[in-house]
Amino acid sequence: MNSSGDGFSMPLSREARALERSMMRDLIALTARPGIVSFAGGLPAPELFPLAQWTECLVATLRDAGPAALQYGPPFPPLLEAVAQLMDSRGAAVAPNQVLITTGAQQGLHIAARLLVDPGAASLVDRFVFPGVRQAFGGSERRLIEVDAAPGGGVDTNAAAEVVASTPDLRAWVVVPDFHNPLGSRLTAAQRAAVTSLAARVPVVEDDPYGFLDFAGQPRRPLVADAPERTIYLGSFSKVIAPGLRMGWVVAPAPLIEKLRVLKESVDLESSALTQRALARFLAAGYLEPHLAMVRRAYHSRAEAMVRALERHFPPGSRWSTPEGGMFLWVELPAGYDTLAHLRTALDGGVAYVPGAAFASAPAPTTMRLNFSNATVENIESGIARLARSLASARADQPAPTSVGSVT
Ligand SMILES: Cc1ncc(COP(=O)(O)O)c(C=O)c1O
């Protein structure tokens with residue numbers, strides 16, 4: 001143990017000293033208890049994973065490519081082409097040399113931050129944001145400036161414009177355009193136009209792991225289509241196929257892809273040759289679209305079931321987002337609740353969620369994120385009823401309940 005008594009026998013870097021475990025990871029460990037209905041994890045539905053098709057692609061890859069599938073190798077050109085086509089299907093004209101395969105979108109966030117933001121400089125992020133964005137763009141070395149959501153959903157682009165105008169060392173703006181984590185919201189057409197116009201003044205990092213999960217089956221045109229020179233787009237196969245593949249991609253102007261490739265090399269040399277080849281085969285076989293259609297249908301009915309259950313069971317005065325896609329629903333309870341303090345009681349009552357505080361740098365006691373993709377319709381109904389009961393008991397414990405009314 002060293003003199004500071006922190007349990008380490010060697011001095012650590014400033015970055016390591018500043019590291020904090022993500023509250024979400026700790027929570028998710030707690031929610032794995034048997035009997036818990038969990039709306040906590042940001043997990044896709046495992047029973048919908050395309051296991052048979054993936055097995056077929058993996059076996060065929062090993063059979064046909066042999067040792068090349070297990071060797072170090074450059075990015076696999078057919079995969080770059082397939083990703084470029086996928087972007088094309090969303091209305092973004094992308095050449096294969098504008099694509100970099102990454103180990104998930106999280107690696108895209110990490111290398112985009114290092115590409116754009118000097119230590120000490122600032123990035124603009126949402127007030128409620130996926131913690132991986134804070135880890136990549138913040139930490140001990142880089143500053144984060146937060147922007148609020150717009151009252152009707154999406155991002156407050158007027159507030160963002162003010163930050164852009166008043167922050168000379170603002171180097172990046174991280175935007176999640178569709179089915180935000182945790183807010184479940186998407187940008188309006190006017191907000192999209194405002195972001196792509198502000199991109200002329202601050203580079204946009206478009207973090208888009210959920211855009212393909214549009215319940216109507218018509219994923220929107222990504223921001224990168226309208227500001228291709230000033231946007232770094234991050235895609236992911238985690239939510240559209242499976243997170244265990246650890247496959248994502250970056251789209252950027254070709255000269256930046258070269259820089260990003262070097263940054264990626266410093267992290268993990270390259271993404272798995274085996275997985276890249278199997279994925280290219282999966283996409284070439286046309287397995288993605290029918291799989292996505294099935295996932296969208298399932299998530300849509302789960303989201304609808306959750307909204308119905310909230311309407312039936314949740315305290316009067318609660319508000320929630322109505323998802324048009326993705327995996328999350330955001331709830332704001334009336335004043336007086338404390339979702340962080342309440343979590344243990346909820347777990348004892350057999351249900352889990354993520355308190356809004358897990359996504360924020362300041363307390364957010366009345367907010368919670370609910371995941372609907374990883375629970376059956378039946379579990380959604382019973383889990384929301386359990387959660388409402390535990391919230392009602394929390395209010396009953398308080399000396400002077402006010403605006404909540406009668407909750408059963
Ligand atoms: C907004 C957002 N960005 C990035 C990621 C990272 O995804 P990946 O599994 O592709 O690394 C996630 C994962 O949940 C996310 O919600």
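User: How many bridges join β12 to strand β13, and which residue in β13 is the bridge partner of Val 354?
Analyst: In this predicted model, β12 and β13 (residues 367–371) run antiparallel. Two bridges join them. In β13, Val 354 has as its bridge partner Arg 369.

User: Which are the edge strands of the open sheet?
Analyst: Start with the order of the four strands, which goes β9-β10-β13-β12 with antiparallel pairing. An edge strand here pairs on one side only. That leaves us with β9 (319–320) and β12 (354–355).

User: Which helix packs on that sheet, and what angle does its direction make with that of β10?
Analyst: Look at residues 288–313, which make up helix α11. This helix touches β9, β10 (328–332) and β13. The direction of α11 makes an angle with that of β10 of about 15°.

User: On to the ligand. Which helix gives the most to the shell around the ligand?
Analyst: There are 13 residues around the ligand, and among those that come nearest are Ala 105, Asp 207 and Tyr 210. By class, the shell splits into five nonpolar, five polar and three charged residues. The top contributor, with four residues, is the helix spanning 104–116, α5.

User: How far is an oxygen atom of the ligand from an N or O atom in the side chain of Asn 181?
Analyst: For Tyr 210, a side-chain N or O atom is 2.6 Å from a ligand oxygen. Ser 238 also has a polar side-chain atom lying 2.6 Å from an oxygen atom of the ligand. For the side chain of Asn 181, the value is 2.8 Å.

User: What percentage of the ligand's accessible area does the protein cover?
Analyst: On its own, the ligand has 400 Å² of accessible area. The share of this that the protein covers is 92%.

User: What is phi of Arg 246, and is it positive or negative?
Analyst: You'll find Arg 246 in the loop between β7 (231–236) and β8 (248–251). Most residues other than glycine have a negative phi. Arg 246 isn't glycine, yet its phi is positive, near 50°.

Definitions and conventions:
Residues numbered from 1 in each chain as written. Predicted model: local features only at pLDDT ≥ 70, side-chain atom pairs only at ≥ 80, totals over all residues. Heavy atoms only, no water. Pairing = 2+ DSSP bridges. Contact = heavy atoms within 4.5 Å. Axes fitted to C-alpha atoms, helices over the stretch in contact; angles between N-to-C directions. Near = heavy atom within 4 Å. Polar contact = N/O pair within 3.5 Å; in protein donor to acceptor, adjacent residues only side chain to side chain. Areas by Shrake-Rupley, 256 points an atom, 1.4 Å probe, with all protein chains shown as cover. Nonpolar A, V, L, I, M, F, W, Y, C, P; charged D, E, K, R; others polar.
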